[in-house]
Amino acid sequence: MPENDTIGVTLGSSLDNLVISLVEGYHKITSDEAKEALETIFFFLFSGVISFVGAIANIINIIVFVKQGFSETVNITLLGLAISDLGSLITLIWMSVCFSPWFRQSPHIPFDAKDIQYLTAGWPHVCFARITSWITAFITFERCLCIAQPLRVKQIITPRRTAYTIVSIFIAMFVCVAPVFCVIGIGRKNFPDRNVTLMGLVYASNGPNVENISFSITVFAQLSSFAIVIVCTVILVRNLMQKSKWRQTATTSELAAGNKNALSTRDKKVVVMVTFISSIFIACFLPSAMNLILMIHYSPDYSVVGREQNTFLVSWSIMNTLEACNSTLGIFVYYHMSSKFKKELLALFGKEKDLSDKVDS
């Protein structure tokens, strides 16, 4: 064999071995020990604590928005958002319990905690998270329409139509996820690694196919709503910046002429508040959207049962923590950017009267 051919074969063999070693070692980037530790930190500790605080905050949000009434479309959409956030956080609380090492390793529970949480927490959380995404998309679209058609928006988007839209979003996502609960059940299952029979997930014959279809729909719902939020938020930010620059350079007569089609002061405050809400949503859901794209591109290796399952589970533990943050921060935005919300919240805890007494004295 010629010397050049020998060198080529040797080099090719070395490269093949290098590729094989990289491929085989890739799934070991996250070891079993690291996965267990990070799951406990993010699923149990961070996500659980944040979700508990957020659940209380959203219960308060719901009470405040109900007390404010439903004459304004923004109250209806924010009420729907608070309800979906509450559902998302409650499922994360249960998920954090199931990922607690003390709970899932307890010999006294008659079921496998990770199996049970997948059906009773994982899929319900996906459903509520997608509802949150679409309500956020609707809120930002409504504010863009308010900017584009300030004089007609109240005729186009009425409180009744807004309520129908929010209810439709809930129903549509429930329908998309419902088939999963028809083909995946809970029954007795053998766990060879633990040498025990416990209650766990039991799939129907067509279960994986139905689950994949529902999952594909939820992925499309997430990515499409995320794209809408980004586009609408960019429009809102650009409009706010243009209005700010125009006000700094416009004459008194131009300001008077511009006011004919301008937003009211209250509407401007709502636009700013919605911009903050959507910006927080984008920051918290961007990693999740990128992770979904990775799942599609590297399927089936990058999945809950794939070769990269350790990295997959750790990634989603971080994503769930970010989603919990998104669902929790709303009350702080409302309090600082809505005088009506702040007033109603203080009245709810009897603080408004205390403040009035201090002013009078």
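**A chat about the chain**

Biologist: Let's start with a cysteine. Is Cys182 buried or exposed?
Modeller: Cys182 is exposed, because its relative accessibility is 67%, and the cut-off for exposed is over 50%. One thing to keep in mind is that this is a predicted model.

Biologist: Thanks! And how many disulfides are there in the whole structure?
Modeller: A search of the whole structure turns up zero disulfides. Take Cys325: the nearest cysteine sulfur belongs to Cys284 and is 5.7 Å away, and Cys325 is in no disulfide.

Biologist: Okay, big picture now. What is the chain's secondary structure?
Modeller: The chain has 14 helices and two strands. There are 361 residues in the chain, and buried ones make up 44% of them.

Biologist: And how much accessible surface does the chain have?
Modeller: About 19400 Å², and carbon and sulfur atoms account for 67% of that.

Biologist: What about contacts between residues that sit apart in sequence?
Modeller: If you take the contacts between residues at least 6 apart in sequence, 76% of them join residues at least 24 apart.

Biologist: Let's look at two helices. At what angle do α2 and α13 pack?
Modeller: Helix α2 covers residues 32-68 and helix α13 covers residues 339-348; they pack at about 110°, and their axes are 10 Å apart. The two are therefore roughly perpendicular to each other.

Biologist: Which residues make that contact?
Modeller: On the α2 side, Ile60, Asn61, Ile63, Val64, Phe65, Lys67 and Gln68 take part, and on the α13 side, Lys340, Phe341, Glu344, Leu345 and Leu348. Sorted by class, the contact of α2 with α13 has seven nonpolar, two polar and three charged residues.

Biologist: Nice. Switching to Ser317, which helix is it in?
Modeller: Ser317 is in helix α11, residues 309-328. Ser317 counts as buried because its relative accessibility is 0%.

Biologist: What does Ser317 touch?
Modeller: Not counting residues up to four places away in sequence, Ser317 touches Leu38, Phe42 and Phe43. Also, Ser317 and Lys35 are 282 residues apart along the chain, with 9.9 Å between their C-alpha atoms.

Biologist: Now helix α5. Where does Thr132 lie, and what is around it?
Modeller: Thr132 lies in α5, which spans residues 113-148. At 2% relative accessibility, Thr132 is buried. Leaving out neighbours within four places in sequence, Thr132 is in contact with Leu81, Ser84, Asp85 and Asn326.

Biologist: How about Trp123, buried or exposed?
Modeller: Trp123 counts as buried, at 5% relative accessibility, and is found in α5. Leaving out neighbours within four places in sequence, the contacts of Trp123 include Val177, Phe181, Glu211 and Phe215.

Biologist: Last one: what can you tell me about Ala113?
Modeller: Ala113 is found in α5 and counts as buried, at 1% relative accessibility. Ala113 touches Cys98, Phe103 and Arg104, not counting residues up to four places away in sequence. The C-alpha atoms of Ala113 and Gly200 are separated by 8.2 Å, and these residues are 87 apart along the chain.

Notes. Residues numbered from 1 in each chain as written. Predicted model: local features only at pLDDT ≥ 70, side-chain atom pairs only at ≥ 80, totals over all residues. Heavy atoms only, no water. Disulfide = S-S within 2.5 Å. Buried < 20%, exposed > 50% of the residue type's maximum accessible area, 1.4 Å probe, protein only. Helix = DSSP H or I, 4+ residues; strand = E, 2+ residues; numbered from the N terminus. Contact = heavy atoms within 4.5 Å. Areas by Shrake-Rupley, 256 points an atom, 1.4 Å probe, with all protein chains shown as cover. Axes fitted to C-alpha atoms, helices over the stretch in contact; angles between N-to-C directions. Parallel < 35°, antiparallel > 145°, perpendicular 65-115°, else oblique. Nonpolar A, V, L, I, M, F, W, Y, C, P; charged D, E, K, R; others polar.
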